Amino acid sequence: MKHASSRWAIAIVSIVALVWIVPIFGILVTSLRPAGEAALGWWTTAQFTLTLDAWRSVWNQYPLIEAFWVTLKLAGLATIATMLLTPAAAYAFHFLRFPLRRVILIIIVNAFVLPQQVVIIPLFQLWRDWGLIDNILAVLIPYVGLSFAWSIVVVKNFLEDFPRELIEAARIDGCGPLGVFGYVVLPNTIAPICAVGILQFLWCWNSLLLPLLYLRSQIPLPVVFARIAGTYDANWNLRAAAAILTAIVPLMIFILFQRQFAGGAMSRSGSKE
Amino acid sequence: MNEYEQGQAPRAHATRRASQANGSVQRDENGTVYGKARKRTWFGYEVPAAYLLIAPVLILFGFAVAFPLLDTIRLSFFDIKGLGAPRYVAFGNYVKLFHDENFRQALSTTLWWTVSTTVLSVGIGWFLAVVCSLAPRATLLPRVLIFSAYGISEAVTGYIWLGIFRPDSGGLLNAGLKAIGLSSYTHAWLGDQSTALAAIVIAYSWAQVGLPLMLCFAATQAIPSSIIEAAYIDGARGTSIIRHIVMPLSFNGVRVATFINLLGSLRAFDTIFVMTNGGPVRSTETLGFFMYRESMTQFKLGYGAAATLVLLIAVLIVSIPAIIKRTAEAT
């Protein structure tokens with residue numbers, strides 16, 4: 001009985017998974033065939049040639065290397081800023097008492113529902129007035145500012161289980177509030193800080209809307225790719241190679257760290273059970 | 001740990017003893033009275049230290065969230081065309097919105113889009129999670145594969161599905177229809193107003209199935225095996241175990257996933273931008289895309305801000321339970 005049902009389960013899931021495997025495999029094959037064959041469909045076998053042509057010329061056709069560095073710079077800086085600033089704030093909100101603490105906390109943790117669209121018009125005007133359009137700060141500030149709505153929750157949830165005796169002991173030994181943070185809390189909060197960093201890196205890497213609007217000369221991969229992808233020209237093989245290049249880094253990180261990702265997405269939505 | 005075992009200078013000892021002598025009410029250097037129940041206080045260092053630690057967060061959050069939110073509300077009452085001087089029009093933008101044929105279409109598109117992407121992605125994810133729970137080990141690889149589509153940039157997802165919905169014979173869907181003898185059904189899927197939205201819904205849901213699958217699967221794995229064994233002893237078999245135990249007990253995962261995907265669908269932009277850019281004839285514009293079009297390509301900033309607020313109201317309505325929960329937990 002049990003065996004039969006698990007065999008059925010494997011069969012059903014495998015068949016459904018084809019819906020995911022076939023398109024992804026198709027992109028890979030498309031990038032390995034000459035433009036003429038790729039345009040007819042990657043599955044056609046009337047004439048079947050495998051070639052690395054697309055992979056050789058895609059670098060010259062599109063500004064991918066430059067975009068790769070821009071993406072790495074944007075996602076990297078935003079991730080570092082979030083990883084540095086989040087634990088300090090989470091510690092303050094959790095262990096320190098100060099006026100307006102609860103009000104500020106409630107505002108920050110509820111901001112997770114805000115769509116990015118709310119940000120774009122006011123910041124567009126502000127950056128235009130300040131001459132920050134096409135400056136990486138124009139996207140870094142909203143990347144980091146928007147991240148706090150979920151990152152502080154992730155770290156603060158972790159601190160719920162942090163032994164208060166440890167803090168009390170450090171305090172009796174003469175540690176001030178900043179010392180407790182630096183010597184006691186921070187060294188023991190590395191795990192959630194890394195989880196926050198992974199999530200922030202992925203979201204910044206894949207983000208399209210903000211850089212599309214605020215950056216002109218140095219644009220990240222998803223924006224470059226979105227401009228290539230929408231055109232109906234015949235070089236499906238080149239675009240497939242560009243698609244793989246755009247997706248490969250987040251995909252690798254994502255597969256390596258899936259557990260943290262699912263957990264973080266839950267806290268991001270505020271429904272951690 | 002080590003840091004505290006090595007010990008710091010016992011600076012606080014004297015002050016602490018002195019304060020204990022004062023009795024249950026403690027005062028800091030400024031004379032502020034703290035409640036009786038308070039055990040810890042750093043005597044005046046605590047408040048400045050706290051503000052020092054949260055200051056960068058407050059500044060960035062102010063720039064990226066608080067200011068834009070308030071300014072969007074303000075701008076929605078002004079008529080702004082490009083760089084011209086804003087003109088106060090009170091509710092003029094909102095009145096214009098609801099007389100705008102395109103906006104009303106965007107509203108109904110948003111409704112269809114949000115409901116269908118959420119139902120599709122959560123429904124398929126839940127179904128797969130329940131099936132996977134029958135063979136948790138053996139289905140690891142397909143699970144990881146489906147979940148990994150969630151990590152692909154939406155722009156790339158859009159491109160992958162452009163290749164499938166291509167109008168010519170190089171499109172996988174049209175080629176497949178031809179191969180099984182349904183040539184008459186081949187179609188310019190993205191060029192036709194009646195099928196373009198459905199095509200993007202499928203592409204977007206494809207990418208979003210991963211999260212519900214993961215959350216619901218985790219929920220099924222959290223069901224204690226003793227419950228399933230007890231049901232088995234009582235004579236429950238296969239489908240009835242699934243229907244009466246696995247499905248209801250994994251519902252928590254469904255609830256969380258539904259909410260996350262609802263929020264995601266409401267703010268969706270990337271896939272639509274890549275696949276149809278809102279077309280044909282603006283038939284695939286959701287609210288999140290409509291505001292982009294009006295404000296960032298037509299430069300009607302006040303009008304776009306009013307549309308954004310309508311989107312925000314929709315978002316707030318679906319998030320009421322989550323907001324209540326988060327507010328209650330924020331202690």
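Trainee: How many residues of chain A are in contact with chain B?
Mentor: Keep in mind this is a predicted model. In it, 121 residues of chain A are in contact with 121 residues of chain B.

Trainee: And what's the area buried between chain A and chain B?
Mentor: About 10,500 Å², with carbon and sulfur atoms giving 74% of that.

Trainee: How many salt bridges are there between the two chains?
Mentor: The count is zero. There are 18 residue pairs in polar contact between chain A and chain B, though.

Trainee: Which part of chain A gives the largest share of the side that touches chain B?
Mentor: That's helix α1 (residues 2-31) of chain A, with 15 residues. By class, that side of chain A has 90 nonpolar, 18 polar and 13 charged residues.

Trainee: Switching topic: how many aromatic pairs are there over all chains?
Mentor: The count comes to 38. One of them is Y91(A) with F95(A), a tilted pair at 5.9 Å centre to centre and 50 degrees between the planes. Both sit in helix α4 (residues 64-95) of chain A, four residues apart.

Trainee: Are those two buried or exposed?
Mentor: Y91(A) and F95(A) are both buried. Another pair, W150(A) and W203(A), is edge-to-face, 5.2 Å centre to centre. Those two are 53 residues apart, in helices α7 and α10 of chain A.

Trainee: Why does W150(A) count as buried?
Mentor: Because its relative accessibility is 4%, and the cut-off for buried is under 20%. W203(A), at 22%, counts as partly exposed.

Trainee: Which residues do ring pairs link into a cluster?
Mentor: W20(A), W161(B), F165(B) and W206(B).

Key: Residues are numbered from 1 along each chain as its sequence is written. Chains are lettered from A and ligands numbered from 1 in the order in which they are written. This is a predicted model: local features need pLDDT of at least 70, side-chain atom pairs count only at pLDDT 80 or more; totals for chains, interfaces and linings use all residues. Side-chain values use heavy atoms; hydrogens and water are left out. Contact means heavy atoms within 4.5 Å. Buried area is the accessible area (1.4 Å probe) that two parts lose on being put together, summed over both. A salt bridge is a side-chain nitrogen of Lys or Arg within 4 Å of a carboxyl oxygen of Asp or Glu. A polar contact is a pair of N or O atoms within 3.5 Å; within protein, one must be able to donate a hydrogen and the other to accept it, and residues adjacent in sequence count only if both atoms are side-chain atoms. Ala, Val, Leu, Ile, Met, Phe, Trp, Tyr, Cys and Pro count as nonpolar, Asp, Glu, Lys and Arg as charged, and the others, Gly among them, as polar. Rings of Phe, Tyr and Trp (its six-membered ring) pair if their centres lie within 6.5 Å; planes under 30 degrees apart count as stacked, over 60 as edge-to-face and the rest as tilted. Buried means under 20% relative accessible area, exposed over 50%, partly exposed in between (1.4 Å probe, protein chains only).
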